Amino acid sequence: MDELIEYDVLIIGGAMVGGSLALGLLDSGLRVAIVDATKAETRLASSAGERAIAISQGSVRLLDRLGLWPSISGRAAAIEKIHISDRGHFGKARLSAEKEGVKALGYVATAHTIEMAIHNRLQKAGVELICPAQLEALEADESGAVITISKGDGRQKLRCRLVVGADGGQSTVRQLNHIEQEVREYHQTVISVVVKPGIDGKQVAYERFTSSGPLAFLPVEGGLYSVVWTMDDADVKAVMALSDEHFLARLQDCFGYKLGKLELAGKRGSFPLCLIRAKEMVAPRALLIGNASHQIHPVGGQGFNLGLRDATQLAELLLEASEEGKDLGDEALLKKYAGLREKDHKAVIEATDGLVRLFSSDFVPLALARNVGLVAMDHLPVTKSAISRFAMGLSGRMPRLQTGGRQS
Ligand SMILES: Cc1cc2nc3c(=O)[nH]c(=O)nc-3n(C[C@H](O)[C@H](O)[C@H](O)COP(=O)(O)OP(=O)(O)OC[C@H]3O[C@@H](n4cnc5c(N)ncnc54)[C@H](O)[C@@H]3O)c2cc1C
């Protein structure tokens, strides 16, 4: 039988989260490879590449540490203000970078910009990318794990200390480890599209809660706006089938004229929404990060931000373990990772899910509560500041990469 190639860490899925982990492990001396089923260029050629990703201040620091921010920042738009409103109701809230004493509340870049920055850096650093190749089987024992991948020219087995599942919401690593998942259907779909505003948007992001779901306008490069329009599944087919002219009229009617008369500047894409949460983060010699562990509603713009914190936290633990000569697939180490990430996951998932439920309800007391909440938030600096810090990704515990010092 052929000798198996030995790795320290095999990362299944090399998109934004898996790619970030590989970058966090650069110069560690560890043998790391990424296995991905699709090439980044293919994956991002569709509207998936055009979707806007709101990057929190905390994530900016992490991306900087990973050497990525210089190549993303030139193509990212700063958010200086966020206006939150409830269509047809009185509540409004405004968050402002100036009042928070920061340059920006966050930044927005397309998924294409972020992922290509990661991809180019991985290539430059010579990180091994096995692609296109699909994970098919996984076996773990005391000394390591063996995975089977299928490639164009057949099947191959690879051996490693640790398998990291960064393979998205339908994670094969999760399935092969028989980790159950909690799925909450929102019966909603996001339509995303880029528009040109009729007036200068002045770097203001808008989050408007409508009866069918949240509608966000995020500033992107070149003075354009990326629209993230959530609606009930039942309405999506008809809205996607509308002519450009009728689609725009419907969007304008829903959003109003705060940005003047809108023009379409890109293709429409649709993304069905649900909350998928793996019931465990770890299994023997395997671990889940990013969407493989938690796929959340994009309303709060937190999915990638949360996944990036997973990746950097894990990189930090693996670097420490490697320096100390420990086994990278050791059960205690994996459990330590899960323990460190649990609180952050819970907080973001609950806040996002709560927001979706609160703002999709037409039930009068809830509608009233959310409007009183928005008004109160606009007048109570403490609440507002806490929400700004949450949106900026600065609340809670940060991985060491982010704080630049040892963890408390
Ligand atoms: C419309 C929309 C707007 C969003 N806006 C924001 C936002 O503003 N801010 C934010 O933080 N987040 C946002 N998100 C969430 C964000 O896009 C995701 O959290 C993030 O892309 C997850 O990245 P990931 O690397 O974990 O997974 P994915 O991007 O799903 O990547 C998984 C990778 O695994 C590979 N793969 C899958 N199965 C296998 C297999 N069996 N073998 C090998 N490879 C495999 C795939 O090819 C892929 O490359 C948004 C999401 C949507 C849909």
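Q: Where is the place of K258 in the chain?
A: K258 lies in the loop between α10 and β16 (263-264). Helices (H or I, at least four residues) and strands (E, at least two) are DSSP runs, numbered from the N terminus. The model is predicted: local features need pLDDT of at least 70, side-chain atom pairs count only at pLDDT 80 or more, and totals for chains, interfaces and linings use all residues. Residues are numbered from 1 along each chain as its sequence is written, and side-chain values use heavy atoms, with hydrogens and water left out.

Q: Why does K258 count as partly exposed?
A: A residue is buried under 20% relative accessible area, exposed over 50%, and partly exposed in between (1.4 Å probe, protein chains only). K258 counts as partly exposed because its relative accessibility is 35%. Its C-alpha atom is separated by 9.2 Å from that of G198, 60 residues apart along the chain.

Q: Over the face of which ring does K258 lie?
A: A charge sits over a ring if NZ of Lys or CZ of Arg is within 6 Å of the ring centre and within 35 degrees of the ring normal. K258 lies over the face of F255, at 4.6 Å from the ring centre. Elsewhere, R31 is placed over the face of Y7, at 4.7 Å from the ring centre.

Q: How many aromatic pairs are found in the whole structure?
A: A pair of aromatic rings is described by the distance of the centres and the angle of the planes. Rings of Phe, Tyr and Trp (its six-membered ring) pair if their centres lie within 6.5 Å; planes under 30 degrees apart count as stacked, over 60 as edge-to-face and the rest as tilted. A search of the whole structure gives five aromatic pairs. F217 and F255 form a stacked pair, 3.8 Å centre to centre with 15° between the planes. This pair links distant parts of the chain, F217 being in strand β14 (residues 214-219) and F255 in helix α10 (residues 244-255), 38 residues apart.

Q: Which residues come nearest to the ligand?
A: A residue is near a molecule or strand if one of its heavy atoms lies within 4 Å of it. The ligand has 31 residues around it, of which D36, R43, R51, A54 and F304 come nearest. The elements α1 (16-24), β3 (52-56), β9 (133-140) and α11 (303-323) each supply at least two residues of this shell. The shell divides into 16 nonpolar, 11 polar and four charged residues, where Ala, Val, Leu, Ile, Met, Phe, Trp, Tyr, Cys and Pro count as nonpolar, Asp, Glu, Lys and Arg as charged, and the others, Gly among them, as polar.

Q: Which peptide bond is cis, with omega near -5°?
A: Most residues other than glycine have a negative phi, and most peptide bonds are trans. The bond from C131 to P132 is cis, and P132 is found in the loop between β8 (128-130) and β9.

Q: Where is H187, a residue with a positive phi of about 55°?
A: H187, which is not a glycine, has its place in strand β12 (residues 181-196). It counts as exposed because its relative accessibility is 51%. Q203 also has a positive phi, near 60°, and belongs to the loop between β12 and β13 (204-209). Its relative accessible area is 26%, so Q203 is partly exposed.

Q: Which side chain is joined to that of R184 by a polar contact of 2.6 Å?
A: The partner is E182. R184 is found in strand β12, and its C-alpha atom is separated by 5.6 Å from that of C274, 90 residues apart along the chain.

Definitions and conventions: Polar contact = N/O pair within 3.5 Å; in protein donor to acceptor, adjacent residues only side chain to side chain.
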